[in-house]
Amino acid sequence: MNIQAEVLSMLDDVLSLRGRAAGFQADTPLLGSLPELDSMAVATLLTTIEERFGFAVQDDEISGETFATVGSLTAFIAERAG
């Protein structure tokens, strides 16, 4: 499974980016850079991550840094899904 490709697909779906996420790279900033990524979207992303990758995310496991870039979000998921 290509986790970054899954992350990009998930971002595109959850944030309704209409294909924009396909052009994102690991260093693409997310939180604070995408107006679509607000607190409600973060909550939806966390639920989607749990469903797609099969693990529970605890509140104390996440921070703003988790959603800082595509790469940081991908690394967070890879660590827990592996």
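Colleague: Helices here are DSSP runs of H or I with at least four residues, numbered from the N terminus. Which helix does serine 72 lie in?

Modeller: Serine 72 lies in helix 3, which covers 70-81. Keep in mind that this is a predicted model.

Colleague: What is serine 72 in contact with, leaving aside its neighbours within four places in sequence?

Modeller: Glu65, Thr66 and Phe67 are in contact with serine 72 once those neighbours are set aside.

Colleague: Switching to helix 1. How many residues, and what reach?

Modeller: Helix 1 runs 3-15 and has 13 residues. From first C-alpha to last it reaches 18 Å, close to the 18 Å expected at 1.5 Å a residue.

Colleague: Which of its residues are buried?

Modeller: In helix 1 the buried residues are Ile3, Val7, Leu8, Met10, Leu11, Asp12 and Leu15.

Colleague: What do those pack against?

Modeller: The buried residues of helix 1 pack against helix 2 and helix 3.

Colleague: Take helix 1 and helix 2 then. What are the angle and the axis distance?

Modeller: The two pack at about 135 degrees with axes 10 Å apart. Angles over 145 degrees count as roughly antiparallel and 65 to 115 as roughly perpendicular, so helix 1 and helix 2 are oblique to each other.

Colleague: Left-handed or right-handed crossing?

Modeller: Right-handed, for helix 1 passing helix 2.

Colleague: Which residues make the contact?

Modeller: From helix 1, Ile3, Glu6, Ser9, Met10, Leu11, Asp13, Val14 and Leu15. Helix 2 supplies Ala41, Thr44, Leu45, Thr48, Ile49, Arg52 and Phe53.

Colleague: How does that contact split by class?

Modeller: Nine nonpolar residues, three polar and three charged.

Colleague: Now the backbone. What is the phi of serine 16?

Modeller: Serine 16 has a positive phi of about 55 degrees, although it is not a glycine. It sits in the loop between helix 1 and helix 2 (39-53).

Colleague: Buried or exposed?

Modeller: Serine 16 is exposed, because its relative accessible area is 52% and the cut-off for exposed is over 50%.

Colleague: What about arginine 18, what is its phi?

Modeller: Near 55 degrees, a positive value in a residue other than glycine. Arginine 18 is placed in the loop between helix 1 and helix 2. Its relative accessibility is 82%, so arginine 18 counts as exposed.

Key:
Residues numbered from 1 in each chain as written. Predicted model: local features only at pLDDT ≥ 70, side-chain atom pairs only at ≥ 80, totals over all residues. Heavy atoms only, no water. Buried < 20%, exposed > 50% of the residue type's maximum accessible area, 1.4 Å probe, protein only. Axes fitted to C-alpha atoms, helices over the stretch in contact; angles between N-to-C directions. Parallel < 35°, antiparallel > 145°, perpendicular 65-115°, else oblique. Left-handed = near helix turned anticlockwise from the far one by under 90°. Contact = heavy atoms within 4.5 Å. Nonpolar A, V, L, I, M, F, W, Y, C, P; charged D, E, K, R; others polar. Expected span 1.5 Å × (residues − 1).
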